[in-house]
Amino acid sequence: HLPYPIETAATPRVTAINRVEVGVRSGMSARSRGNEASIAEESLMLTGDENIIDVNFEVQWKIDNAPDFLFNVRNPEDTVKAVAESAMREIIGTTKIATVLAEGKLIVEQNTQKLMQDTLNTYHAGIEVVRVNLLKADPPSQVIDSFRDVQTARADLETARNKADSYRNDILPKARGQAQQMILEAEGYK
């Protein structure tokens, strides 16, 4: 029989930054990735314009409130991972693929972080989302060559349009000037 009514004392490290990876397992730091294994069930997501994108990301989080962390969530790491995947799917699902692949990565990260934090706060999880890092956002490997071909074709189309506009902008003023000159010459001859 123990002399004290307390059997164990839980002392979580509240200053430690924890990491959860979604869509990839590297077992290494985010900076030195290379031996990673992509997990399609987690990483393939549908974008707002009905394209499929392969997204790998990591979430950095820390304990914000130790009692909530210890007593309100049964498995905090799994909870953070599930909330992260759900939040990223929601944000990607309302964003066009071109935005995710280009200038919108920062916005996707920020919106995902906010949505995650809001969700974890409703759970009273005692967790603060420090950062969401989008590690990779590409078309699926099976179609990446075709995707690049489509992007090249779109760039070629834009180049052809620009050339046509340039030609039109060059030839139309000349033709109008010649037409006006012919009218004036005809009036003068009349």
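Me: In this predicted model, which residue in S5 does leucine 44 stand opposite?
Reply: Strand S4 (residues 44-46) pairs with S5 in the antiparallel sense, over 3 bridges. Within S5, the residue that stands opposite leucine 44 is aspartate 54.

Me: Is aspartate 54 buried or exposed?
Reply: Aspartate 54 lies in strand S5, which covers residues 52-63. The relative accessible area of aspartate 54 is 7%. Buried means under 20%, so aspartate 54 counts as buried.

Me: With which side chain does the side chain of aspartate 54 make a polar contact of 2.7 Å?
Reply: The side chain of aspartate 54 has a polar contact of 2.9 Å with the side chain of lysine 136. The polar contact at 2.7 Å is made with the side chain of serine 43.

Me: Which residue in the hairpin of S4 and S5 takes a positive phi?
Reply: The hairpin has 5 residues between its strands. A positive phi near 65° is found there at glutamate 50.

Me: Which residue in S5 does valine 20 stand opposite?
Reply: S1 and S5 run antiparallel, with 5 bridges between them. In S5, the residue opposite valine 20 is valine 59.

Me: How many of the 12 residues of S5 are buried?
Reply: S5 is joined to S1 by 5 bridges and to S6 by 10 bridges. S5 is largely enclosed by the rest of the structure, because its buried residues number 10 of 12.

Me: Which element supplies the largest share of the largest nonpolar core?
Reply: This core has 29 residues, and those with the most contacts inside it are Phe57, Val59, Met88 and Met116. Strand S1 (18-22), S5, H3, helix H4 (97-101), helix H5 (105-122) and strand S6 (127-138) each supply at least two of its residues. The largest share, 7 residues, comes from H3.

Me: What distance does helix H3 reach from its first C-alpha to its last?
Reply: H3 spans residues 76-93 and has 18 residues. At 1.5 Å a residue, 26 Å would be expected. The helix comes close to that, reaching 25 Å.

Me: Which residues does methionine 88 touch, leaving out those up to four places away in sequence?
Reply: Met88 is one of the buried residues of H3, and it is among the residues with the most contacts inside the largest nonpolar core. Beyond its neighbours up to four places away, it touches Met45, Val55, Phe57, Val108, Thr112, Val132 and Leu134.

Me: How far apart in space are aspartate 68 and histidine 124, C-alpha to C-alpha?
Reply: Aspartate 68 is in helix H2 (residues 66-72) and is partly exposed, with a relative accessible area of 23%. Not counting residues up to four places away in sequence, it touches Val73, His124, Ala125 and Gly126. Aspartate 68 and histidine 124 are 56 residues apart in sequence, while their C-alpha distance is 6.1 Å.

Me: Over which residues is the pLDDT below 50?
Reply: The chain has a mean pLDDT of 85, and 88% of its residues reach 70 or more. Confidence is highest in H5, at 95, and lowest in strand S3 (residues 37-38), at a mean of 58. A stretch with 13 contacts beyond near neighbours in sequence has pLDDT below 50, namely residues 28-35.

Methods:
Residues numbered from 1 in each chain as written. Predicted model: local features only at pLDDT ≥ 70, side-chain atom pairs only at ≥ 80, totals over all residues. Heavy atoms only, no water. Helix = DSSP H or I, 4+ residues; strand = E, 2+ residues; numbered from the N terminus. Expected span 1.5 Å × (residues − 1). Buried < 20%, exposed > 50% of the residue type's maximum accessible area, 1.4 Å probe, protein only. Polar contact = N/O pair within 3.5 Å; in protein donor to acceptor, adjacent residues only side chain to side chain. Core = buried A, V, L, I, M, F, W, Y, C linked by side-chain atoms within 4.5 Å. Contact = heavy atoms within 4.5 Å. pLDDT = per-residue confidence, 0-100. Pairing = 2+ DSSP bridges.
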